[in-house]
Amino acid sequence: MKILKWYTNNLHRPKASIVERYIEKEAIEFCFKYMEKAKPVRVPESRHDERVGGKGSRGLHVITLSLEELQQAHLSILNNSNEVLPYIVRHEALVKESNPKKTKNRVLKEHNKTFLNWYKDIIFDDHNASETLRKLVDGPKRNVITWKG
């Protein structure tokens, strides 16, 4: 009864007032349940969603990497390859032996500078190297294909 009394706005017609407020409450609850399932209105959608999915591509573009970018990409590929890991450890040990007074950062910089050339020489001299290691010596291509949408 307390809730029904709370619904009463007009004391001259309490039944009609209670019915109106009850219908309002039911309508609001229905709207809340309906809106949970509906898409939000006036919330902007990303215009890139279809392009990320592969739709809306406008054309092929070729980007040519600089030598520095190419070397960085090649070094990144080699550092993330499990087959190359023993060669990386071996080269780091050689750099440490030749420069015992250098800090770890200096040794790492020297390793990054000289590893690619050292790796090529080692793989070309090693006749037991796998085909994967021989292909990794060549590195990535200089021209990169991109799609703009």
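**Helix packing and overall make-up of the chain**

Helix α4 crosses helix α7 in a left-handed sense. The model that shows this crossing is a predicted one. The contact draws on His74, Ile77 and Leu78 from α4, and on Leu136, Val137 and Asp138 from α7. By residue type, the contact of α4 with α7 comprises four nonpolar residues, one polar and one charged.

Geometry of the α4 and α7 pair

- Two packed helices are described by two quantities, the angle between their axes and the distance between those axes.
- Helix α4 covers residues 67-79 and helix α7 covers residues 131-138.
- The angle at which α4 and α7 pack is about 160 degrees.
- The axes of α4 and α7 lie 10 Å apart.
- Angles over 145 degrees count as roughly antiparallel, and α4 and α7 are therefore roughly antiparallel to each other.

Secondary structure

- The protein chain contains seven helices and two strands.
- In sequence order, the elements of the protein chain run α-α-α-β-α-α-α-α-β.

Burial, surface and contacts

- The protein chain has 149 residues, and 19% of them count as buried.
- The protein chain has an accessible surface of about 12900 Å².
- Carbon and sulfur atoms account for 55% of that accessible surface.
- Taking contacts in the protein chain between residues at least 6 apart in sequence, 62% link residues at least 24 apart.

Methods:
Residues are numbered from 1 along each chain as its sequence is written. This is a predicted model: local features need pLDDT of at least 70, side-chain atom pairs count only at pLDDT 80 or more; totals for chains, interfaces and linings use all residues. Side-chain values use heavy atoms; hydrogens and water are left out. Helices (H or I, at least four residues) and strands (E, at least two) are DSSP runs, numbered from the N terminus. Buried means under 20% relative accessible area, exposed over 50%, partly exposed in between (1.4 Å probe, protein chains only). Contact means heavy atoms within 4.5 Å. Accessible areas come from the Shrake-Rupley method with a 1.4 Å probe; for residues, only the protein chains shown count as cover. Axes are lines fitted to C-alpha atoms, for helices over the stretch in contact, and angles run from 0 to 180 degrees between N-to-C directions. Angles under 35 degrees count as roughly parallel, over 145 as roughly antiparallel, 65 to 115 as roughly perpendicular and the rest as oblique. A crossing is left-handed if the near helix is turned anticlockwise from the far one by less than a right angle, and right-handed if clockwise. Ala, Val, Leu, Ile, Met, Phe, Trp, Tyr, Cys and Pro count as nonpolar, Asp, Glu, Lys and Arg as charged, and the others, Gly among them, as polar.
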